[in-house]
Amino acid sequence: MLISLGALFGLAAQVGARHIPSSLNSLSLIEYPRLDSRSSANDIVTWDSHSLIINGERVMIFSGEMHPFRLPVPGLWADIFQKIKALGLNTVSFYTHWALMEGKPGDYRADGIFDLEPFFKAAQQAGVYLIARPGPYINAESSGGGFPGWLARVDGEPRTTEGDFLNATNIYMSSLCESFAKAQITNGGPIILFQPENEYLGTDGEYMQYIIDQARSAGIVVPFLNNEIGPNGKNAPGTGVGEVDIYGHDGYPLGFDCSSPNTWKSGKLPVDWHTKHMQQSPSTPYAIAEFQAGAYDSWGGYGFDECAKLVNHEFERVFYKNNFAFGVKIFNLYMAYGGTNWGNIAWPGGYSSYDYAAPIRETRELTREKYSELKLIGNFAKVSHDYLVAVPENLTTSTYTNTPDLAVTCLRGQNGTGSFYVVRHDDYSSLNSTRYRLKLPTTSGVIDIPQIEGKELTLNGRDSKIHVVDYDVGGTRIEYSTAEVFTWQEFGDKKVLILYGGAGEYHEISLRASGKASILEGPLSGATLRRQADKIIIGWQTSERRIVEVDGLQIFLLDRNSAYNYWVPSLSTGQKQNTQSIIVNGGYLVRNASLEGPNLLISADFNRTTQLEVIGAPPSAKNLFVNGQRIRYKADNNGIWTSKIKYKAPKIDIPDVTRLKWKYLDTLPEIGSSYDDSTWTDADQPTQNQDYPIQTPTSLYGADYGYHTGYLLYRGHFNATGNETSFTVTTRGGNAFGSSVWLNSTYIGSWIGSANEGSHKSTYSLPELITGQAYVLTVVVDNMGLDEQWGGYSVKNPRGITSYELSGRKAAEISWKITGNFGGEDYVDKVRGPLNEGGLFAERHGFHQPSPPVKPWKTSSPLEGFSSAGIGFYTASFDLDIPVGWDIPLSFKFESGTGNKGYRVQLYVNGYQFGKYVSTLGPQTVYPVPEGVLNYRGKNWLAVTLWAQDEGGAKLDGLGLVQSTPILTGMNAIEPVAQPKFEPREGVY
Ligand code: GAL
């Protein structure tokens, strides 16, 4: 889809060949009608105080966040959806990024990797609902928080009704929302909720209302959900202008400091969210629109493996179950899959990886325990229908247990439905193992548990449990269970309930039953089966698997680690919750299953030889196919099919990239004596940035000339008087940025950057200048992305040179030229988008793309480097031949060993910038690049820009292409994305 509305609004963005954008101000404001068009969605998506109701089905919305723009390979979106769905979750929440879709004002583009149609389709096929979050402001640790750089030229405070800000949002919001509208559930699509704005910080209801009206006018009829920064009740229903349909807020209780990941600071576990909900929005389901599922990390930070220790599986147990204790019914985890800040989409506070320590790694691997733990919680939520109407009561440390060390919240069943008791340590960060007894009210009175003599329950440190009471398993009433429910399913006249507990823990379940209980599998010792009136009580010490049968109900008693291997794929497609499923005790991943006549088809991934068990194969199923291959199986007396999937990792030839035939180009020819910058943009304009008056005679802000991304270059011309002894310059590129200065071809010095400085003033002394001679100052500034918009005008914070002084001279005696990416807002590469390439000579020419004209270039590798300050461009090609049917994530790895020698690297793969590396800051050294950007069966072009910020030059200390464990996969083959090749660019300089 491509809509060019620029002409409509009279936005002539290009003046002559120099790409000086015009002012964007003074458009007349579009007034959107205040529609209440939600009525047409009323019978499809409705809600009450308990939950959402979709097509008449009461559902918990349990969602994971992913950003399509952080995984620019549409073919891989299905993989993420399937991995989220396999967790037992039913929804994906996503942002879109305005700056990527309207790089030039008025020119909305949503094609190729930016087209959302395939995203909607893949969601539909995987059977997940979507929550659409277009912003226009999204935050998300992304450049400008989603705002395009050209907003710096728009009058008014962003995210207010001031000036022309609202008008500037119209093309993006109306075009995007129209495409969302078509994908709503009311039109058979996956979108069920829409979030206007994001953590709106202001108090202006009219502003929120404008965003709501924009969306309604574009045809959005599904309910509006908001995401307030914390539970304060802003814009909740009933608050007047700007109110949403369903109030929601977010929460990041452990924050983003991953320096001491084993410490859970005191007082961080929320305790009053249910109370607040009842005060703020009692008529809507309790919604947490974003909840911490990892953490972001910043330049110079600790790395995502540390963050994954902070926000680990224990965090999930304690904090997510605590949210269940508040009765959460719309629950979105930020992020389920983080992805990559490729092509300059990071904000200055973050680096290329947006792994986020999420359950699914940036490489899409499922090797974090938190993925498995979340699967236990997700599947529990999916089958626990009574939870949807249970009402949270107050936290107590005395009523339900015999120890004040534990805190319990009861979610009370209504009119005979089940209740849930959420148990945790009163000191939520406690590492103690606490023994306890329960006193739980059930429909047959208060029961003292355990009932088997001499037994006690245990809650280990940083654990939390949900004990079910009067729990319905397809008509069988579980009076209580101290072991937690993973899932239950009905298979014809048989039912299976899967329970789990920590290794070695004692557990007990009591259920109504008329028949006898018998142990079908597993050790008899350590288990007690006892009849008591019309009930059976089963007590056991968690060990290897036991299967106990009572009245046609098979109860699987597992330890947690074994439960991690179980999957519950639905046999039908679509998002509906109560569907026929099977249970698979597999290994790494089970994506989905279906029944075609007598054939049971399973799509699954394996990282080792795996015994596969199918529990509940439909009676009509006779044959088993795994990833399209017929597999022999044995059926045992309990109807369980067992088979073996052989795994033998293929031998893969991964090239040693240090030995490729590297070609080298000096990509800072600007410092050569014959360099001609006559076609560069003259930096001779006043600023259009009303909020940051310039301190220089003319504006040197990139945004005033349409340059918003990547490296900025300046050329300052003057004739020497001989009195110039020093040059002082303040450059601004956002945290972790760097800058370097040359006088003619002489290196003057650098600011190598620090994680917390977004702007830096440097004073450099100059060599003796010759009176009357012409000189050029060349300044290179790294733009680390635009600042986010946290009130005021921060997104308009300039990039480039903000002040300078050449000693002994007036500032106006230097005349400046500027360049950033070639074409600025009229960027050339429409495929990879407006932010991908920066302003280096090689980038302006497009040499970072496949097949650059390397013939005349010198042969030299980035591991040899060069020995004076400057910027080198290296490129090489290599082939990959990775067998079909294997998912083998690949990453580039830099070695860091240069100590404090400053250098900056950009990594390009087939023209996509997939990494920025700063040698002195880190922490990222490993840069995953997804299949599809890498051609797994064919040629690849790699390019490295190496900016030496040291007079001794720079070289890479090491560069490798590394593979993760090969995964035998049921994933569809991945189509590579478009990778336009180098073509000479007209007018390039
Ligand atoms: C939230 C915000 C998200 C993201 C998150 C931290 O407050 O809504 O966009 O920035 O914080 O990762």
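**Domains, pockets and strand pairing in the predicted model**

The domain assignment divides the protein into domain 1 (54-366), domain 2 (389-587), domain 3 (609-646), domain 4 (657-663 + 840-968) and domain 5 (669-819). The model is predicted. Domain 4 is given as two segments, 657-663 and 840-968. Taken over C-alpha atoms, the centres of domain 2 and domain 4 are separated by 52 Å. An unreviewed UniProt entry lists residues 387-566 as "domain: Beta-galactosidase". In the model, this span is 59% strand and 2% helix.

Of the 6 residues of E21, 5 are buried, so the strand is largely enclosed by the rest of the structure. E21 pairs with strand E20 (residues 464-473) in the antiparallel sense, over 5 bridges. Valine 473 has threonine 476 in E21 as its bridge partner. The hairpin of E20 and E21 has 2 residues between the strands. In this hairpin, glycine 474 adopts a positive phi near 50°. E21 also pairs with strand E24 (residues 506-512). That pairing is antiparallel too, with 3 bridges. Here isoleucine 478 stands opposite leucine 511 in E24.

Pockets were considered next. Rolling a probe the size of a water molecule over the atoms shows where empty space is left. The largest pocket has a volume of about 760 Å³. Its lining comprises 37 residues. Gln82, Gln125, Ala126, Arg591 and Asn592 lie nearest the centre of this pocket. Two or more lining residues come from each of helix H1 (77-85), helix H3 (117-126), helix H9 (369-383), strand E32 (589-596) and strand E33 (599-605). E32 gives the largest share, with 5 residues. By class, the lining of the largest pocket holds 17 polar, 16 nonpolar and 4 charged residues.

The second largest pocket has a volume of about 480 Å³. It is lined by 22 residues, and Asp305, Arg361, Glu362, Val926 and Pro928 are the closest to its centre. Helix H7 (304-310), strand E55 (926-929) and strand E57 (959-963) each give two or more residues to this lining. The residues divide into 9 polar, 7 nonpolar and 6 charged. Domain 1 and domain 4 each contribute at least three residues to the lining of the second largest pocket.

A further set of strands forms an open sheet. Its 6 strands run in the order E40-E48-E41-E46-E43-E44, with antiparallel pairing. Strand E40 (681-682) and strand E44 (746-751) stand at the edges. Each has a single partner strand, so one side of each is left without a neighbour in the sheet. Strands of a sheet pair through backbone hydrogen bonds, either parallel or antiparallel. Valine 741 stands opposite glycine 749 in E44.

The loop between E43 and E44 contains asparagine 744. This asparagine has a positive phi, near 45°, and is a residue other than glycine. Asparagine 744 is partly exposed, with a relative accessible area of 26%. A second case is arginine 159, with a positive phi of about 65°. Arginine 159 lies in the loop between strand E8 (129-135) and helix H4 (165-182). Its relative accessibility is 6%, so it falls under the 20% cut-off and counts as buried.

Most residues other than glycine have a negative phi, and most peptide bonds are trans. The bond from tyrosine 334 to methionine 335 is cis, with omega near -5°. Methionine 335 is placed in the loop between strand E12 (330-334) and H9. Glycine 922 and proline 923 are likewise joined by a cis peptide bond, with omega about 0°. Proline 923 lies in the loop between strand E54 (912-918) and E55. E55 is also among the elements that line the second largest pocket.

Conventions. Residues numbered from 1 in each chain as written. Predicted model: local features only at pLDDT ≥ 70, side-chain atom pairs only at ≥ 80, totals over all residues. Heavy atoms only, no water. Pairing = 2+ DSSP bridges. Helix = DSSP H or I, 4+ residues; strand = E, 2+ residues; numbered from the N terminus. UniProt positions renumbered as here; feature names shortened; annotations may be inferred. 1 Å grid on protein atoms, 1.4 Å probe; cavity = no way out; pocket = protein on both sides within 12 Å on 5 of 7 lines; lining within 4 Å. Points joined across faces, edges and corners; volume = space filled by probe spheres on them. Nonpolar A, V, L, I, M, F, W, Y, C, P; charged D, E, K, R; others polar. Domains from an automatic or database assignment. Buried < 20%, exposed > 50% of the residue type's maximum accessible area, 1.4 Å probe, protein only.
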